[in-house]
Amino acid sequence: MMGCKIERSGSIGIYTYSVAPDWASRPVNYVSWYDCLRFCNWLHNGQPIGVQDATTTEDGAYDMSLGASVVRKPGARVWLPSENEWYKAAYHKNDGVTGNYFDYPTSSDTEPGIDLNEGTNPGNNANHTYNLGTYVIGPPYYRTPIGEFELSVSPYGTFDQGGNISEWVETPLFDYPSYRGTH
C-alpha cells in the first residue's frame, strides 16, 4: 500500500506539511512507533509551532530522551493506548461486566462484511481482508476514510479497529514496539 500523500516543503528547522484533500481523512501509514509518541507529545503540548525540542515533540506525555526505555509519564493527556486499553476499546461489550467481549471490533460476534453502503444495512462492516484477499477499495487509496463504516463502531464508539491499517500500542511485545488491529 502506498503512502498517505503528506508532503513536506521548506528546509531544516522550518518545514511545513500538507496533505492532498482526498487523503485528509484517511489513516496514515509508514509511521514508526517513535513518530506516534512524538505526535502524542505534540498534541499533549497543545500543537505548538517551532523546532523539535522538549516544548514541542521531545517531551510531554513521553520523554523521548529515554530512547528505547520511553514510557508514558504520569499526567499524560494524550497517549498511545496500552495493549489492554486498545483491546477493551475494540472488543469489550461496555456492559459493566469485565468478562464480556465481542469476537470482532464492530460490536459483533459475526465476521464483518465489506459493504460500503451502510446507509441501507445494519452495519458490521470494515475495510478488512479476513477471508477475502482484497480490500474494499483498491488503488490508489486502499484505506477508507476514518468513520466510513458509521454503523460498525465498537461499544466505546471507536472506528476502524478491525480494518484499514494496524495501530501502534504502547505495550511492547518481546521488547519491541507492537501493534494491534487487522488490515
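The largest cavity is lined by Pro-105, Thr-106, Asn-125, Ala-126, Phe-149, Ser-152, Phe-159, Asp-160, Gln-161 and Gly-162. A cavity here is a set of points on a 1 Å grid over the protein atoms alone where a 1.4 Å probe fits but cannot get out, and a lining residue has an atom within 4 Å of a point. The model is predicted: local features need pLDDT of at least 70, side-chain atom pairs count only at pLDDT 80 or more, and totals for chains, interfaces and linings use all residues. Residues are numbered from 1 along each chain as its sequence is written, and side-chain values use heavy atoms, with hydrogens and water left out.

**Cavity**
- The search of the whole structure finds one cavity of 30 Å³ or more.
- The largest cavity holds about 50 Å³ of space, a volume being the space filled by probe spheres set on grid points joined across faces, edges and corners.
- Its lining has four nonpolar, five polar and one charged residues. Ala, Val, Leu, Ile, Met, Phe, Trp, Tyr, Cys and Pro count as nonpolar, Asp, Glu, Lys and Arg as charged, and the others, Gly among them, as polar.

**Second largest pocket**
- The second largest pocket has a volume of about 190 Å³. A pocket is an open set with protein on both sides within 12 Å along at least five of seven lines.
- Lining residues number 13, and the closest to the pocket centre are Trp-33, Ala-68, Val-70, Glu-170 and Pro-172.
- Two or more lining residues come from each of α1, β3 and β4. Helices (H or I, at least four residues) and strands (E, at least two) are DSSP runs, numbered from the N terminus.
- By class, the lining of the second largest pocket divides into nine nonpolar, one polar and three charged residues.

- Strand β3 (residues 167-173) pairs with strand β4 (residues 176-180) in the antiparallel sense, over four bridges. Pairing requires at least two bridges found by DSSP between the strands.
- Val-169 stands opposite Ser-178 in β4.
- Two residues separate the strands of this hairpin, and Phe-174 in the turn has a positive phi of about 55°.

**Other positive phi values**
- Most residues other than glycine have a negative phi.
- Tyr-30 has a positive phi, near 60°. Tyr-30 sits in the loop between β2 (16-19) and α1. With 64% relative accessibility, Tyr-30 counts as exposed; the cut-offs are under 20% relative accessible area for buried, over 50% for exposed and partly exposed in between (1.4 Å probe, protein chains only).
- Asn-124 also has a positive phi, near 60°. Asn-124 belongs to the loop between α2 and β3. At 15% relative accessibility, Asn-124 is buried.

**Cysteines**
- Zero disulfides turn up in a search of the whole structure. A disulfide is a pair of cysteine sulfur atoms within 2.5 Å.
- Cys-36 is in no disulfide, and the nearest cysteine sulfur, that of Cys-40, is 6.9 Å away.
- Cys-40 is likewise in no disulfide, its nearest cysteine sulfur being that of Cys-36.
- Cys-36 is buried, with a relative accessible area of 17%. Cys-40 is buried too, at 5%.

**Ile-49**
- Ile-49 lies in the loop between α1 (33-44) and α2 (83-91).
- Its relative accessible area is 86%, so Ile-49 is exposed.
- Ile-49 and Ile-14 are 35 residues apart in sequence, and their C-alpha atoms are 9.6 Å apart in space.
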